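Subject: Structure handover

Hello,

Here is the structure I promised to pass on. Please open it first, then read the notes below.

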Amino acid sequence: MLYNIGMYAVQAGVALYSLFNEKVRTMRKGEKAAFDVLKKKVDPQAKYIWFHAASLGEFEQGRPLIEKIKQDYPQYKILLTFFSPSGYEVRKNYEGADIITYLPIDTVSNAQKFLRIVRPVMAFFIKYEFWYNYLHILRHRNIPCYSVSSIFRPDQIFFKWYGRNYAHVLKCFSRFYVQNVESKKLLETIGISNALVVGDTRFDRVLQIKEASKHLPLVEKFIGNGRENSTESEQQTRRPVFVAGSSWQPDEEIFLQYFNENKEWKLIIAPHVIAESHLQQIEQLIKNKRIVRYTKANEADVATADVLIIDCFGLLSSIYHYGDVAYVGGGFGVGIHNVLEAAVWGMPVLFGPNNKHFAEAQGLLAEGGGFEIQDAATFAEKMQQLTSDTTHLKASGEAAYNFVESLSGATDKVLSTIEL
C-alpha cells in the first residue's frame, strides 16, 4: 500500500539526509541501535507498558501518566520511545522509565520485530502519534492502545475525502482521551465513538513543575524582593519584572523597543536559541541598560543589572516564578511555545498572533489571563495598561492561574477508566 511505500521512502530519505544533517544523523543512529537496546534490556518476565512520544513536548504531556503508573502500579515496567532527537537526547536518562529508546521507522518488519521483543501489555500514544503498522499489529494482538491528550481539527487528513482510507488507523485505538468536545464530535463524523473528553495532561504537568521549581539565588538577587515575599511597601518601591520565555528575534525586536524607552521594568530574557550569534543580537537591540548573562554573572553583577539574559537551558519553568508579566515567544513564527508554564505562576501572559491552533492560548485569551500582541504598538498599549492599572494586573494574573488549575485532573480521569 501507499503508506508502506512512503515509510520505506522516508527510511531511505533519512539515510541520505543524515549524511548532511547532524540531528538526522543522531536520529538514524538511535533508530538503528534501538533493537540492540531492547534485546539487551527487556526482561522477558516483566510486564511492560509502552509510552510513545514524538518529541519533548509530547513527553511532557505523557509524563504525569508515566509517573502516576510508576507510583501506583509498581508491578509494571515502563518503556518510553521517542521519534525525535530533541526528545530522546534530553530525556534519555529520565528515571521514570525503565527503558528509553528511539522508535524505529514504521515499516511492517520494524513494527513486527519491535513488538515481538517488547510484548507490551498496553500502549499509550501521546497527542499526534498515528503509526499505521505499529497500531494495526497492536490491534491484531489484542493489546489495548490509548491515544492521550489528542486533539483533532477539520483540516486533518482523517476528515478529508482523500484521507478516509488512512483514517482506518484510528479504529486501532481502544479509546481516545481527547482535549475538547470538538475533537470528540469530529471523530464521531467518521464513525469513531470511543472518545472521552478529559482535557490535556499538560495542565497536570505544569502544576507538578511548579511544585518542583528551583530557587535560583542569582535570579533572586537580580529582582530584589520578589512579588511573593515582599512587604506591601517593598512592592510599591521595587521594580516589576518582565520575563520573556522562548523568545525569537521577531519577539525581541517588539518588546525591547518598548523597554528601551521605559526604565521602570527589569527584564529576564530566556531565548529559544542560545547560540552566541543570537545572544549578541539581543544585546545589540538593548539600549542604555546594564546587561548580564546568567552563566557569567555573580551576585554583585546581577544586583545592579537591568537585564538578565538566560544563556543556558533548563531554568525557564522556574524563572517564570519571579515575574510580574510574562511573554512567551514563537507567535510571530511557527507558533507559540508553552504558555502554561508561565500562566501557572499567576501572571498575565502575552504572546504573538500565531496562536489559533493552540487551545491553551485560546483558553487564556477567553478567560482574560492572556493577551495577543500584534506589533510594537499593541505591545506598548497592553504594557501601559498593566503598568498603570494594578487591579487589572492582579485580576489577569489570577485568571491565568485559575484557568490552569480548573483544567487539571486529566491524568486521574484517564487512569480511572483503564484496567491496570
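**Around R205**

Leaving aside neighbours within four places in sequence, R205 is in contact with E60, R63 and P64. Contact here means heavy atoms within 4.5 Å. R205 lies in helix α8 (residues 202-211). Helices are DSSP runs of H or I with at least four residues, strands are runs of E with at least two, and both are numbered from the N terminus. R205 is buried, with a relative accessible area of 10%. Buried means under 20% relative accessible area, exposed means over 50%, and partly exposed is in between (1.4 Å probe, protein chains only).

**Ground rules**

This is a predicted model: local features need pLDDT of at least 70, side-chain atom pairs count only at pLDDT 80 or more, and totals for chains, interfaces and linings use all residues. Residues are numbered from 1 along each chain as its sequence is written, and side-chain values use heavy atoms, with hydrogens and water left out.

**The sheet from β1 to β7**

Seven strands make an open sheet, ordered β3-β2-β1-β4-β5-β6-β7, and the pairing is parallel. Two strands pair if DSSP finds at least two bridges between them. The edges are β3 (99-102) and β7 (195-197). Each has a single partner strand, so one side of each is left without a neighbour in the sheet. Neighbouring strands are turned by 20 degrees against each other on average, direction ignored. Axes are lines fitted to C-alpha atoms, for helices over the stretch in contact, and angles run from 0 to 180 degrees between N-to-C directions.

Strand β2 (residues 76-82) has partners on both sides. With β1 it pairs in the parallel sense over 7 bridges. With β3 it pairs in the parallel sense over 4 bridges. F82 in β2 is the bridge partner of A53. L80 stands opposite I100 in β3, and F82 stands opposite Y102 in β3. From β2 the chain crosses through helix α4 (residues 85-91) to β3, a right-handed β-α-β crossover. Right-handed means that, with the strands pointing away from the viewer, the path from the first strand over the helix to the second runs clockwise.

How many of the 7 residues of β2 are buried? The count is 6, so β2 is largely enclosed by the rest of the structure.

Helix α3 (residues 56-72) lies across β1 (47-53), β2, β4 (122-126) and β5 (145-150). It runs at about 160 degrees to β1. Together, β1, α3 and β2 make a right-handed β-α-β unit.

**Rings and charges**

A search of the whole structure finds 35 aromatic pairs. Rings of Phe, Tyr and Trp (its six-membered ring) pair if their centres lie within 6.5 Å; planes under 30 degrees apart count as stacked, over 60 as edge-to-face and the rest as tilted.

- W50 and Y134 are edge-to-face, 5.8 Å centre to centre, with 65 degrees between the planes. W50 is in strand β1 and Y134 in helix α6 (residues 132-140), so the pair ties together parts that are 84 residues apart in sequence. Both are buried.
- Y146 and Y177 have ring centres 6.1 Å apart and planes at 50 degrees, so the pair is tilted. Y146 is in strand β5 and Y177 in strand β6 (residues 175-178), 31 residues apart. Both Y146 and Y177 are buried.

Two lysines sit over phenylalanine rings. The charged end of K113 is 4.5 Å from the ring centre of F35. The charged end of K266 is 4.7 Å from the ring centre of F222. A charge sits over a ring if NZ of Lys or CZ of Arg is within 6 Å of the ring centre and within 35 degrees of the ring normal.

**The sheet from β8 to β14**

Another open sheet has 7 strands in the order β10-β11-β9-β8-β12-β13-β14, with parallel pairing. At its edges stand β10 (291-293) and β14 (370-372), each with a single partner strand, so one side of each lacks a neighbour in the sheet. The twist averages 20 degrees from one strand to the next.

Strands β8 (residues 241-247) and β9 (residues 266-271) pair in the parallel sense over 6 bridges. V241 stands opposite K266 in β9. Helix α12 (residues 276-285) lies across β8, β9, β10 and β11 (307-309), running at about 160 degrees to β10. Helix α16 (residues 359-367) packs on the sheet and touches β13 (349-351) and β14. Its direction makes about 100 degrees with that of β14.

Best wishes
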